[in-house]
Amino acid sequence: MDTITASEIKTQAEIVRRTARVRRNSRGGRNAAENFIAAVRCLYKHLVNDQRIDDRNNPAIRVTKPRRNPSTRRGLANDRLIELSDVVASTGNDPELDALICRLHVETACRRGGALALRPRDLDESSA
C-alpha cells in the first residue's frame, strides 16, 4: 500500500467514473468516483492509525474529490400540486383517505416510509 501514488488513485477514480453503471438518474459516474476516493481515504486513514504507513506517505489525502453537482430534486409547482390534489381526492377506492395521505406528504414533506410508519397514537386529534 505504500507504493501507490496519488496519480494512480486519480487514474483509478477516472476508470471508476467512466465505467459506472448508467441509470435514469445517472450523473456521469461522478458520485461513483467520489465514493471510490472516500473509500481509499478511509482505507489509508486506517493504515495511518494502525501505524502501517506514515501520515506523510498517505497518497489519498493528495487526491481531490470531484465536486458534487447541484441537486436535481425540486418541489412541485402550485398549479401542479392543486391538480394532483384534485385528482387524488376525486378518484380511487378511498378518495378521502387518499386526499388525507396526499395532504400529509404536502404539509410534512415526509416520505413513503414515514407515512407507512404512522400509528394511531401519532395523530393529534385535538388539532383536527
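A: Ala109 counts as exposed, at 62% relative accessibility. The cut-offs: buried is under 20% relative accessible area, exposed is over 50%, and partly exposed is in between, with a 1.4 Å probe and protein chains only.

Q: What are the ground rules for this model?
A: It is a predicted model: local features need pLDDT of at least 70, side-chain atom pairs count only at pLDDT 80 or more, and totals for chains, interfaces and linings use all residues. Residues are numbered from 1 along each chain as its sequence is written, and side-chain values use heavy atoms, with hydrogens and water left out.

Q: Back to Ala109. Where is it found?
A: In the loop between helix H4 (95-108) and helix H5 (112-116). Helices (H or I, at least four residues) and strands (E, at least two) are DSSP runs, numbered from the N terminus.

Q: What about phi of Ala109?
A: Phi is near 60°. That is a positive value in a residue other than glycine.

Q: Which residue takes a positive phi just after H2?
A: Gln51, at about 60°. Gln51 is not a glycine either. This residue is found in the loop between helix H2 (30-49) and helix H3 (78-90).

Q: Is Gln51 buried or exposed?
A: Exposed, because its relative accessibility is 71%.

Q: New topic. What span should H1 have?
A: Helix H1 (residues 6-18) has 13 residues, so at 1.5 Å a residue it should span 18 Å. The expected span is 1.5 Å times one less than the number of residues. The end C-alpha atoms of H1 are 19 Å apart, which agrees.

Q: And which residues of H1 are buried?
A: Ala6, Ile9 and Ala13. They cover an arc of only 60° around the axis, so they sit on the same side of H1. The arc is that of the directions from the helix axis to the C-beta atoms.

Q: What covers the buried residues of H1?
A: The cover includes H2. Seen from the other helix, the buried residues of H2 pack against H1.

Q: How far does H2 reach?
A: From first C-alpha to last, 28 Å. H2 has 20 residues, and the reach is close to the 28 Å expected.

Q: Which residues of H2 are buried?
A: Ala33, Glu34, Ile37, Val40, Tyr44, Leu47 and Val48. Their arc around the axis is only 145°, which puts them on the same side of H2. On the other side of H2, Asn35, Lys45 and Asn49 are exposed.

Q: Take Ala33. What is it in contact with?
A: Leaving aside neighbours within four places in sequence, Ala33 is in contact with Ala13, Val16, Arg17 and Pro66. Contact means heavy atoms within 4.5 Å. Ala33 is buried, at 4% relative accessible area.

Q: How many residues apart are Ala33 and Ile15 in sequence?
A: 18. In space they are 8.3 Å apart, C-alpha to C-alpha.

Q: Now Glu34. What does its side chain join up with?
A: The side chain of Arg68, through a polar contact of 2.9 Å. A polar contact is a pair of N or O atoms within 3.5 Å; within protein, one must be able to donate a hydrogen and the other to accept it, and residues adjacent in sequence count only if both atoms are side-chain atoms.

Q: Is Glu34 buried or exposed?
A: Buried, with a relative accessible area of 9%. Beyond its neighbours within four places in sequence, Glu34 is in contact with Lys65, Pro66 and Arg68.

Q: What does the side chain of Asn58 reach?
A: The backbone nitrogen of Ala60, at 3.0 Å. Asn58 lies in the loop between H2 and H3. Its relative accessible area is 4%, so Asn58 is buried. Neighbours within four places aside, Asn58 is in contact with Tyr44, Val48 and Ile53.

Q: Last pair. At what angle do the axes of H3 and H4 cross?
A: Roughly 150°, and they come within 7 Å. Axes are lines fitted to C-alpha atoms, for helices over the stretch in contact, and angles run from 0 to 180 degrees between N-to-C directions.

Q: How are H3 and H4 oriented to each other?
A: Roughly antiparallel. Angles over 145 degrees count as that, under 35 as roughly parallel, 65 to 115 as roughly perpendicular, and the rest as oblique.

Q: Which residues meet there?
A: Leu81, Leu84, Ser85, Val88, Ala89 and Ser90 in H3 meet Pro95, Asp98, Ala99, Cys102 and Val106 in H4.
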